[in-house]
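Here is a short briefing to read alongside the model. Please keep the viewer open as you go.

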Amino acid sequence: GQRRLVYSMRETAELLGLSRSKIYELEKQGLIPAKYLPTHGKLMVSSKWLDDFMARQFDGENEEDSWQS
């Protein structure tokens, strides 16, 4: 299939195992970069950011991601 470029906040919450309210809270704090995309009509998170975030979790480079704990 075709690679996705963006994920909704709901999908981001599911992928990270967090509640939607927590995802929105983290976005407001600037910890999750989301942008409003008129084509989708909602806030979206780039798959590149999610890929990079997950790679940091596995590489142990997650100091700035301390909100996970």
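Which residues are exposed on the other side of α2? They are S21 and K28, where exposed means over 50% relative accessible area, buried under 20% and partly exposed in between (1.4 Å probe, protein chains only). This is a predicted model, in which local features need pLDDT of at least 70, side-chain atom pairs count only at pLDDT 80 or more, and totals for chains, interfaces and linings use all residues. Residues are numbered from 1 along each chain as its sequence is written, and side-chain values use heavy atoms, with hydrogens and water left out.

**Overall layout**
- The chain has 3 helices and 3 strands, taken as DSSP runs numbered from the N terminus (helices: H or I, at least four residues; strands: E, at least two).
- Read from the N terminus, the order of elements is β-α-α-β-β-α.
- Of the 69 residues in the chain, 32% are buried.

**Helix α2**
- I23, L26 and E27 are the buried residues in α2, which spans residues 20-28.
- These residues cover an arc of only 100° around the axis, which puts them on the same side of α2; the arc is that of the directions from the helix axis to the C-beta atoms.
- Their cover includes α1 (9-16), β2 (34-37) and β3 (42-46), with contact meaning heavy atoms within 4.5 Å.
- After α2 comes G30, with a positive phi near 80°.

**The sheet and its helices**
- Three strands form an open sheet in the order β1-β3-β2, with antiparallel pairing; two strands pair if DSSP finds at least two bridges between them.
- β1 (6-8) and β2 each have a single partner strand and stand at the edges, so one side of each lacks a neighbour in the sheet.
- From one strand to the next, the twist averages 45°, with axes fitted as lines to C-alpha atoms (for helices, over the stretch in contact) and angles running from 0 to 180 degrees between N-to-C directions.
- β2 and β3 pair in the antiparallel sense over 4 bridges, and K35 stands opposite M44 in β3.
- α1 packs on the sheet, touching β1, β2 and β3, and its direction makes about 90° with that of β1.
- α3 also packs on the sheet, touching β1 and β3, with its direction at about 50° to that of β3.

**L50 in α3**
- L50 is found in helix α3 (residues 47-59) and counts as buried at 5% relative accessibility.
- Not counting residues up to four places away in sequence, L50 touches Y7, T12, L15, L16 and V45.
- L50 and T12 lie 38 residues apart in sequence and 8.0 Å apart in space, C-alpha to C-alpha.
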